[in-house]
Amino acid sequence: MSVDPYMRGRMSDAKSYAAPFELGKAMEGGAVGVVEESRADGFAPGDHVLHGLGWREVAVLDAKAARVVDVDAAPASAYVGILGMTGLTAYAGLTRIAGLKEGDVVFVSGAAGAVGGAVGQIAKALGASRVIGSAGSPEKVRHLTEDLGFDEAFSYKDGRVSDHLRELAPEGIDVYFDNVGGEHLEAAIGSLRLGGRIAVCGMISVYNDTEPAPGPRNLARLIQTRGKIQGFLVGDHYDLAGEYFGRAAGWLADGTLSSRETSVDGIDHAVDGFLGVLRGENTGKMVVRL
Ligand SMILES: NC(=O)c1ccc[n+]([C@@H]2O[C@H](COP(=O)([O-])OP(=O)(O)OC[C@H]3O[C@@H](n4cnc5c(N)ncnc54)[C@H](OP(=O)(O)O)[C@@H]3O)[C@@H](O)[C@H]2O)c1
């Protein structure tokens with residue numbers, strides 16, 4: 001099963017796009033299970049299915065809420081990661097929201113995480129001239145440049161984000177894929193080139209804030225650069241799923257795309273896995289093995 005940052009948002013009753021988790025009820029989330037019993041056409045015992053009732057070991061659900069996945073083609077966990085919501089988030093954000101063009105200089109934060117790692121690699125595959133990533137440790141920075149093919153990477157815990165960006169992208173950036181918000185967003189606006197685009201995917205640096213965080217102080221730069229900033233939710237972009245999953249399968253097969261995972265074992269450690277995501281203990285997608 002998958003543990004994801006958006007679950008943090010569902011642990012609050014603030015108005016949002018998804019209803020809060022209910023106290024006393026099992027939480028939910030993406031998971032791949034094995035069918036034990038079914039009376040529905042197209043689902044036989046032993047089939048692996050992707051569904052939305054994670055955070056439990058056994059689930060009873062309507063066949064309409066499940067999709068059979070091929071675990072011979074890819075590991076089960078890929079369907080909650082690179083071949084699932086995570087990968088599609090990266091693809092939709094880059095192509096549809098940021099309008100990625102050949103030759104663009106792309107900056108992505110949270111780059112060693114599930115979405116961020118996919119963003120960097122997909123941007124390269126689609127013709128970005130340079131991809132720069134930020135992450136929270138020297139090991140993650142090495143992973144980005146040595147394993148995932150990022151051109152440059154830096155640790156945001158080591159100095160100011162704006163200084164790193166100015167050094168690594170002296171001519172500026174065309175696209176910023178925001179997973180983090182806060183200081184990262186302000187630095188990216190400060191480095192935006194003419195016609196730059198910012199896709200706001202997530203703002204994990206503020207998910208635990210109890211007071212509203214100050215906004216970027218340099219929004220006026222969007223006027224000079226004619227820059228655009230747009231938030232998005234992957235749920236609105238499932239019409240791209242067929243296109244993305246087809247391309248991703250090819251990229252995975254020829255090595256253009258690779259995906260790292262971090263896992264914890266057992267439902268008893270699911271909370272540790274979830275908190276680990278918020279604390280940066282994962283490289284790539286965090287999954288719980290049941
Ligand atoms: N809009 C959508 O539809 C959509 C869909 C999926 C995900 N998202 C968003 O995309 C982002 C990434 O999600 P994911 O599932 O791929 O998670 P992830 O990146 O695999 O894990 C979260 C990572 O965030 C980093 N982080 C935690 N606190 C931070 C802070 N204060 N400053 C900077 N980085 C911090 C940690 O890495 P470090 O070690 O580098 O700090 C951690 O590994 C999240 O913001 C999530 O909410 C949005």
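I started with what covers the buried residues of helix 8, and found that the cover includes helix 2 (85–97) and helix 3 (114–125). My terms for this: contact means heavy atoms within 4.5 Å; buried means under 20% relative accessible area, exposed over 50%, and partly exposed in between, with a 1.4 Å probe and protein chains only. Helices (H or I, at least four residues) and strands (E, at least two) are DSSP runs, numbered from the N terminus.

Before going on, a note on the source: this is a predicted model, in which local features need pLDDT of at least 70 and side-chain atom pairs count only at pLDDT 80 or more, while totals for chains, interfaces and linings use all residues. Residues are numbered from 1 along each chain as its sequence is written, and side-chain values use heavy atoms, with hydrogens and water left out.

**Helix 8, up close**

I looked up its length next. Helix 8 (residues 241–254) has 14 residues and spans 20 Å from first C-alpha to last, close to the 20 Å expected at 1.5 Å a residue; the expected span is 1.5 Å times one less than the number of residues.

Which residues of helix 8 are buried? I listed A241, Y244, A248 and W251. Looking down the axis of helix 8, I see these buried residues within an arc of 100°, so they line one face of the helix. The arc is that of the directions from the helix axis to the C-beta atoms. A reminder to myself: an α-helix has 3.6 residues a turn, so residues three or four places apart point the same way.

On the other side of helix 8, I found G242, A253 and D254 exposed. G255 follows helix 8 and has a positive phi, near 85°.

**Helix 2, one of the covering helices**

I then turned to helix 2. Of its 13 residues, 10 are buried, so helix 2 is largely enclosed by the rest of the structure. The buried residues include T86, L88, Y91, L94 and I97. Just after helix 2, G99 takes a positive phi of about 55°.

In what order do the strands of the open six-stranded sheet run? I read 6-5-4-7-8-9, with parallel pairing; two strands pair if DSSP finds at least two bridges between them. At the edges I found strand 6 (152–155) and strand 9 (228–231), each pairing on one side only. The twist averages 15° from one strand to the next. For angles, axes are lines fitted to C-alpha atoms, for helices over the stretch in contact, and angles run from 0 to 180 degrees between N-to-C directions.

Helix 2 packs on this sheet, touching strand 4 (105–108), strand 7 (173–178), strand 8 (192–200) and strand 9. The direction of helix 2 makes about 145° with that of strand 7. Helix 5 (residues 161–168) lies across strands 4, 5, 6 and 7, and runs at about 160° to strand 6.

G133 has A153 in strand 6 as its bridge partner.

Strand 1 and strand 2 (residues 48–51) run antiparallel, joined by four bridges, and V34 has H48 as its partner in strand 2.

Strand 10 (residues 261–265) and strand 11 pair in the parallel sense over five bridges, with K285 in strand 11 as the partner of E261. Four of the five residues of strand 11 (residues 285–289) are buried, so strand 11 is largely enclosed by the rest of the structure.

**Two phi values worth a look**

W55 has a positive phi of about 60° and is found between strand 2 and strand 3. R226 has a phi near 55° and is found between helix 7 (221–225) and strand 9. Are they buried or exposed? W55 counts as buried, at 13% relative accessibility, and R226 as exposed, at 60%.

**Whole protein**

Last, I noted the totals: nine helices and 11 strands, with 46% of the 290 residues buried.
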